[in-house]
Amino acid sequence: MKKRQACVIATAVLAALFIAVQPVNSLASGISIFVNNELIGEAGQINGELYIPAKQLADRLEANMRLSADKKALYIERSENKNTTAQVISKVSPSVVGIIGNVKPGSSSWEDGSGDGMAFGTGVIFKSNGYIITNAHVVQDMENIIVVLSNGKAYQARLKALDDRTDLAVIKIDKGALTPAVLGDVSDIQVGEEVIAIGTPLSLSLRNSATKGIISGLNRSIQSDYKFIQSDAAINGGNSGGPIVNMQGKVIGINSVKYTGIGVEGLTFSIPVDTVKYAIDHFMKYGEIRRPYLGVLFMEGIAARYGLPSMEGLTVTEVEKGSPAEKSGLMADDIILSIDGEDITAIVDFNEKMKSYLPGSTCVFKISRDDVQSEIKVTFGDEKAGAK
Amino acid sequence: MKKIISFAVCLFMLCLCIMPAAAESGDILEIKLQLGSDKLLIDGHTYPCQAPYTKNGVFFVPLRSVMEAYGAEVNFLGKGKVNIVYRDVMLDMLVGSADYSVNGAGKKLSSASEYVNTIAMVPSELVTENFGGRMAVAKDNKSFTFILEDDGAISDFSTVIGSISKPRIGNSYFGWSMSIPKGSQIVSTSFSSRDISVANQQRGIAIDVSVGVDRGKKLEDIVNDIKLQKKSYGMGGEKKVVDWSINDTAAPSYAEILANSHYKGSVLQRIYISGGYVYSLEISSYEEINPGRLKENVFCKSVVNSFSLGFKGDEKDVYDTSRVSGGTARLEDSVYGFSIDVFPEWDYINDRYLYDPYSLMVGSDMKEYMSISPLSVGKVEDMNKYIEEIKQGYSSNFNSKYYRFIKSEELELGGLKVNKLCYEIDFNGNRYVFEENLFMQGNVLFDIEIKCPESKYQTNKNKYNSMISSLRYSAKNSEEDISRIINSNEDSDSINRVGKNDDITNYEDKSGNWKLKLPGYWTASESYDEMSVTFGNSRSNIYMSVESIKNTAITRNLEDENKFRSVSYFTADKDKVKLVGKKTISQKGASIRNYTYRYQNDTDEVYADVEIYVMDGKDYSYCLYYMVPDLFASEKNVKEIQDIWSSFSFK
């Protein structure tokens, strides 16, 4: 809190300041300047008046410095990039929707005993004509899917595409001129960065609830096919499918309660935005995720299984007859070290790497067979045409 | 209960959110365009678009930009083909042509659509005529606006929360309807809508209607079944009947029962029989009040008295709960990932979560059902050989008196290549047709077994085929999971096998001083008190048990039925078991008492002969019995069990 106050004061002072830039040479005053206790430089002194180096100050405050065209004025402006939490929420909220519907009779969620036969979750509008991304587990056993927008209006939705393995699905409402969320980039995600989760926890009456936290870790794999972002923004049942956004209001992930166990606190897992973009791209192009098919079973090293740093590679335990793996010469007991130059140490690495290929793509596997390393070219098949 | 309340709150909040929104002008979607301008304006936001123009007085607008602003799904399918989905409208068109179709019906535009800079442009009438809204043209004849007043927002959530806005609910397939108190909601509907549960939070009552299949029972029989807790009829499980009566003068007549139920609290139940169905209407209060008070309660009374039969649907004031269409209901089974159309009268008939998670059994009862189960994982190299083996297995294990093979054929059902085997089985004079429908799904060989009374088979056989055709599979369980289950069943058999191979094996019980010989594929399991051993043959469903009791001053003088568990079991269940013969024979150097029983279980259709042999040895007395179901009493099986009995010896 203190830090924020200091910052606000500094900004206020700056806004009022008009710092003339004069040729000031060797006017060292010996006075150090601290902003929030951090040394940024030394003040100059002319005729008893103190002068502050504008550039350092602006940088420290993450502000933009602009000299007017006639070079008679210097403007220091705080970047609009860093929004307040309230600004972020109001910016993103119109793109976040509540999803409610009935649990299909006979489905596993139904048999779990959901009592009144209803289920709900959250979704994110990603196209202005009503395309919404959410978790697969939110909608897969749902019928009568209804989407409630942030303005309280509700629309009937239909399921367009669903993928269990990424736990992502697309639903569609027939409503135009919506505000799509801005999807961020993996490079926008950094450990320690503040994030906000928006969703429909526990009840639809809590629609568009927001919670705040920080990114606790990246590239987490928790018994899942793909990697996750870990944060401590509190989420609950119903938050599933909702966005986790950074302070620029960009979606950096989709929350999934599916992977949060009972008794686990302060651990929120979100599907990272690159996986979300990958799924959206495939869903919109093919109506499903088209995965390359190899036809092998792997075993990862014990280190990888316990999440220890590992350079062991993936051991092939079984090669299916007639599979692309067999055709390219992969054999049981081969150790896959890298694919197209990227190290592979765990099954989740393999799955992540597979996102960049389609059925029919080719790539180069670096393998170790009887301690001799070699490279083989692999042409992937189609997972659907394969045995599974 | 809490959930219902939370949803009531949630609905209230939802309404609060919705009402002010409805008053906003934002309800009306306005898409503004201008001839020659490449900008489209919605709610003050501009979006780029291909500029509209007029040609022979027709306004041409950019198809994708306008339709996506409506909120439609626009799919360009290549070669000029375009598919648009919006609410209930599915429009297919070809750019360059004036012909198009809406939900399959052909239509024609005043001018053909065309490409401008690779952007599809369509006459504006395509939009307004098919997707609603209107087009307003400004006086200058240059700018124009698509105005959509109804943006499809819904305010009636009754389909989701099950709240019923109509004064009555009914079911057009099963033909019943009744009044319900205001503020009621449907909390569950079974897949075929045979069972409907309604809750009324304000009144604190639940109303359940459930329809069963009549098996020729009268109201008195049903009341008796409920009193004796033989069968529950309805959804509350077993209940303790406090009072009951039969009203013959009412039309239709009904039985009325007042009861207490563990699950439902106090219950007022009415049973009607009509058109082959048994209707159960239950009103229950979660509070433990005297059930008689339900009968006095004005709301409960008006509900039960409003129940009527004969509802056929399409009545203004009746909410129809039917989930039946085209004479079938769709069963979605998540355990398997199967969904299939079945008769609405069918239901799950075994508790597969307890016994067999990979076998799905639906039917009216054990007399007519369909059972779906995986047989093996892995490609079957020679299907004909496989079928031939099944046929041979049946003809060697089944008694030819009760079993008749009909035919095997190969069919294409809904894209599935199905090998169908048909045979007939006689259970105690009742003849049934069995079908085995074998098909591969991925690497798993599945079997859909159907059992149908012979009298109904000709009428039903095509329906069974269309049910199989309707089967869809979403492979929720991996093949590894399925093969693990199949193997675990086989493993438990192989662990208990008496021999490593199928040859005749000696089995000796040293503590009880007895032994016998039997083929190695029989299994043996000892009872927890080590006093009896049960032998089974999973191929023939025949089993046998040997019980030994130490001779003491007390046991020596006991009657056989008090001494041996097996004898007491058969003498106790007088409904199912009849003594048909009792004699003393001289064999194995001893005097042996031989009881012959007939076991008849009409519910599960098990009919079997039971032989019990009781004999006294030096230190122990023995009871050996075996049970041979009629169907499995083939020459080979009967000889096998008799040989085992012959080989039995004791000290």
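**Figure 1. An aromatic cluster in chain B of the predicted model**. In this predicted model, one aromatic cluster is formed by B:Tyr507, B:Trp514, B:Phe535, B:Tyr613, B:Tyr620, B:Tyr622, B:Tyr626, B:Trp645, B:Phe648 and B:Phe650. Over all chains, the structure holds 46 aromatic pairs. Two of these pairs are presented in the legends that follow.

**Figure 2. The aromatic pair of A:Phe298 and A:Phe350**. The two rings are arranged edge-to-face, with 4.6 Å from centre to centre and 65° between the planes. Distant parts of the chain are linked by this pair: A:Phe298 belongs to strand β20 (residues 296-300) of chain A, and A:Phe350 to helix α9 (residues 347-354) of chain A, 52 residues apart. Both A:Phe298 and A:Phe350 are buried.

**Figure 3. The aromatic pair of B:Phe570 and B:Tyr625**. The ring centres of B:Phe570 and B:Tyr625 are 5.2 Å apart and the planes stand at 75°; the pair is therefore edge-to-face, since an angle over 60 degrees is classed in this way. B:Phe570 is located in helix α13 (residues 565-572) of chain B and B:Tyr625 in strand β44 (residues 620-629) of chain B, so the pair ties together parts 55 residues apart in sequence. B:Phe570 and B:Tyr625 are both buried.

**Figure 4. A:Lys172 and the ring of A:Tyr131**. A:Lys172 is part of strand β11 (residues 168-173) of chain A. The charged end of A:Lys172 sits over the ring of A:Tyr131, at 5.3 Å from the ring centre. The side chain of A:Lys172 also reaches the backbone oxygen of A:Asn129, at 2.7 Å. A:Lys172 has a relative accessible area of 0% and is therefore buried, the cut-off being under 20%. With neighbours within four places in sequence left aside, the residues in contact with A:Lys172 include A:Asn129, A:Gly130, A:Tyr131, A:Gln156 and A:Arg158 from chain A, together with B:Gly71, B:Ala72 and B:Glu73 from chain B.

**Figure 5. B:Lys451 and the ring of B:Tyr432**. In chain B, the charged end of B:Lys451 is placed over the ring of B:Tyr432, 4.4 Å from the centre of that ring.

**Figure 6. Chain A as the setting of the views of A:Phe298 and A:Lys172**. The secondary structure of chain A consists of nine helices and 26 strands. Chain A has 388 residues, of which 48% count as buried. Among its contacts between residues at least 6 apart in sequence, 56% join residues at least 24 apart. The accessible surface of chain A amounts to about 18,300 Å², and 52% of this surface belongs to carbon and sulfur atoms.

Definitions and conventions. Residues numbered from 1 in each chain as written. Chains lettered and ligands numbered in written order. Predicted model: local features only at pLDDT ≥ 70, side-chain atom pairs only at ≥ 80, totals over all residues. Heavy atoms only, no water. Phe/Tyr/Trp six-rings, centres within 6.5 Å; stacked < 30°, edge-to-face > 60°. Helix = DSSP H or I, 4+ residues; strand = E, 2+ residues; numbered from the N terminus. Buried < 20%, exposed > 50% of the residue type's maximum accessible area, 1.4 Å probe, protein only. Lys NZ or Arg CZ within 6 Å of the ring centre and 35° of its normal. Polar contact = N/O pair within 3.5 Å; in protein donor to acceptor, adjacent residues only side chain to side chain. Contact = heavy atoms within 4.5 Å. Areas by Shrake-Rupley, 256 points an atom, 1.4 Å probe, with all protein chains shown as cover.
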